[in-house]
Amino acid sequence: MLNTFLSHQWKSFWRSRNRGSSIAGQIVLGFFMLYFLVLALGAGFGMQFLLPKIFPNQDVIKSFNGLILYYFALDFIMRLQLQELPTLSIIPYLHLRISRSKIISFLNLKALFSAFNLWPIFIFLPFIFLKIGTTYGIFTALMYVVTILSITIFNNYLALYIKRKSISNVLYTLVGLIIFAVFAALEYYKVISVMAASDYVFKTIAKMPFIGFAFTLAAVAIFYINSSFLLKNLYTEELSSKQEKKASTDYAFLNRFGRVGELAALELKLILRHKRPRSSVIMGFFFLFYGFIFYKEKAIDRDAFGQMMFGAIFMTGISIIIYGQFMFAWQSAHFDGILANKINFKDFIRAKFLLFTIGCTVITLLASFYGFLSPKLLLLHVAAYLYNIGFGTVVVLYLATLNYKRLDITKAASFNYQGTGATQWLLMFPYALTPILIYVPFGMLDKPYWGLIAVSIFGLIMLLMRGFWVNYIAKRLELQRYKIAEGFRE
Amino acid sequence: MILEVKNLQKVYGDKTVVNIQDLNIEAGETVGLVGNNGAGKTTFFRMLLDLIRPTSGEVLSKGENVMQNDNWKNYTASFLDEGFLIDYLTPEEYFTFIGSLHNLSIADVSAYLTQYGEFFNGEILNSGKYIRDFSKGNQVKVGIAAALMQKPEILILDEPFANLDPTTQIRLKNLLKLQAGSMTTFISSHDLNHVTDVCNRIILVEKGVVIKDFKTDENTLKELESYFSA
């Protein structure tokens, strides 16, 4: 029976709707996976050479031992946020002649198919065989492997158990990350050392290899706790995350915009009430830290705005880019309704401009903390802001009229490439290159501030032309509407 | 008595969706559940099939609580909605899978399916489509045929006539009438004509409570119509 379940999962993976639809998207996804795989393997094999560089004054095995528990702590936090509960997949089996215990073994088995369970193997095993094996002998190395695999499985089922028992959300993950950072800081200031603890644990395993089975016992225990919880609660309504009470809301600040405001409020509700758009928006806030990568002291001193432009555009325009890449597709489930109802295309487009402007303004205001690094950055942000709301919005909405892919917005955004096609990747080019191209001549003439003014003026002109762009895009949408609606229906 | 419902309650928040004190179904009965939207019909069916945990009370199938063990699955078949179908399979794959759960070989399954050529109207088998690519009506046909294939003692169908074309509705009625006596059937429907035609007992529910429970006779349809038009 488990074989049948697995073959169904296999079919579900290969026959899923968004598969095969876009080869470009798949190739990009494939490259990403390959890239991460190579990274993990590189880290695994390179560890003997990297560790002495990072921790120059200690034994390489001590550093390795010290890192293991840190890795699994981080692994656990990430699992809480990213690992999916394999719950929905059992609905078609519940009413059939299949015993509960079989369904549960299927759920347990399915939970093992997660990338999280692969990383430790790639990262730790090479070092264990290359270094631990040669130092302590093969038996100790095998016990290291047993321990690593046991902790992996322990983390796997504990994360699922916690997720099943409570509503896990981004907040928990943030708290977890903060605790993790606090421990790292305490380690750095030598108050408490998790590394020493981790080293102690694995030193003991090196001395008395059988101790490693303690972790196996823990893994088996959590496996049984998880299974017995499932056995008592095998109701999909209870296993999926819990529902809060829904209330009607009214966004008073949007009312002043009349019909357009109503449409914008509708879309705002769509964002807040669905997992995928909501997590895209939350991701946008994380990108606020992007500036720390791009705003190097040297670049700021030399007024090299050209280098920093990309970072600024990306950061202040992130809400437009991330949300805008699936424009209209967010509404794919009810796009027919939008077409069939009395909604003016121009109002529809204006509402999108309004939302983009609000989002971009909020993010730009939040990003103003970079002013502490240098007030010059604020000028850069103003230029990027004007460009984003003036022209970036137009690029995104224009490309949206070429997007016919349906989107299931109830699924989470991380590692979800549904609805992604070549258009989305191409989006970045005109969007990011235009302001840089405008800036470059001024940069070369060593007039960086004139460059910023030029980008700002370009943005302002486009902003003043908004009426024209609204008409233009509304016309495009009118032309494309059958094609878009057809694509969204599939 | 094949099915017994005792003090069954389901409460969501402060709203009682189902509240059935005492209900017994004899083997071989064909029971129709009627009621307006929100009467709790689907929730009730879900509790019969142990898909929702009742707030209180129990459902006994052949004397055994459906929550305690899986024995009822051996003789109960059901189709409530498209969520019951594994929609990325072809219909043949799905039928074979369901058949295998009841120890039917592929040959048994295809032999069984030949008699459904008329019911499927040639649109389902060998169509080269996944179940999800079918229209709603055809998906319902797959679900009903898969349920009947299990030769169940208890059959539970939620609004089987909805989404079906008129010809198939009549065929389905004939199929159900043919099984009467040998199988306990529990269906819900908004179509009063169909339920009174097929069922020999009607249970009328409103807001989760059983309002009327009676055997059908020639006056039943009129009685129901007058109740719902009031």
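Select chain B: of its 230 residues, 41% count as buried, where buried means 20 or more other C-beta atoms within 10 Å of the residue's own, exposed means 12 or fewer, partly exposed lies in between, and C-beta atoms are placed from the backbone. This is a predicted model, in which local features need pLDDT of at least 70 and side-chain atom pairs count only at pLDDT 80 or more, while totals for chains, interfaces and linings use all residues. Residues are numbered from 1 along each chain as its sequence is written, and chains are lettered from A and ligands numbered from 1 in the order in which they are written.

Colour chain B by secondary structure to see eight helices and 10 strands; helices (H or I, at least four residues) and strands (E, at least two) are DSSP runs, numbered from the N terminus. Of the contacts in chain B with a separation of 6 or more, 69% join residues 24 or more positions apart; a contact requires C-beta atoms, placed from the backbone, within 7 Å.

Now colour chain B by pLDDT, the predictor's confidence in each residue, from 0 to 100. The average is 91, and 100% of the residues score at least 70.

Next, select residues 136–149 of chain B, helix α5. Its 14 residues reach 20 Å from first C-alpha to last, close to the 20 Å expected at 1.5 Å a residue; the expected span is 1.5 Å times one less than the number of residues. Because 11 of the 14 residues are buried, α5(B) is largely enclosed by the rest of the structure. Among the buried ones are Val140(B), Ile144(B) and Leu148(B). To see what covers them, show β6 (76–79), α2 (91–101), α4 (117–120), β7 (154–158) and α6 (166–179) of chain B, which are included in the cover of the buried residues of α5(B). After the helix comes Lys151(B), with a positive phi near 45°.

Move to chain A, which has 24 helices and zero strands. Buried residues make up 30% of its 490 residues.

Finally, show both chains. Here 18 residues of chain A are in contact with 19 residues of chain B. On the chain A side, α1 (2–14), α4 (91–94) and α11 (236–239) each give two or more residues, and α1(A) gives the largest share, four residues. That side divides into six nonpolar, six polar and six charged residues; Ala, Val, Leu, Ile, Met, Phe, Trp, Tyr, Cys and Pro count as nonpolar, Asp, Glu, Lys and Arg as charged, and the others, Gly among them, as polar. The model scores ipTM 0.75 and pTM 0.68.

Definitions and conventions. Two residues are in contact if their C-beta atoms, placed from the backbone, lie within 7 Å.
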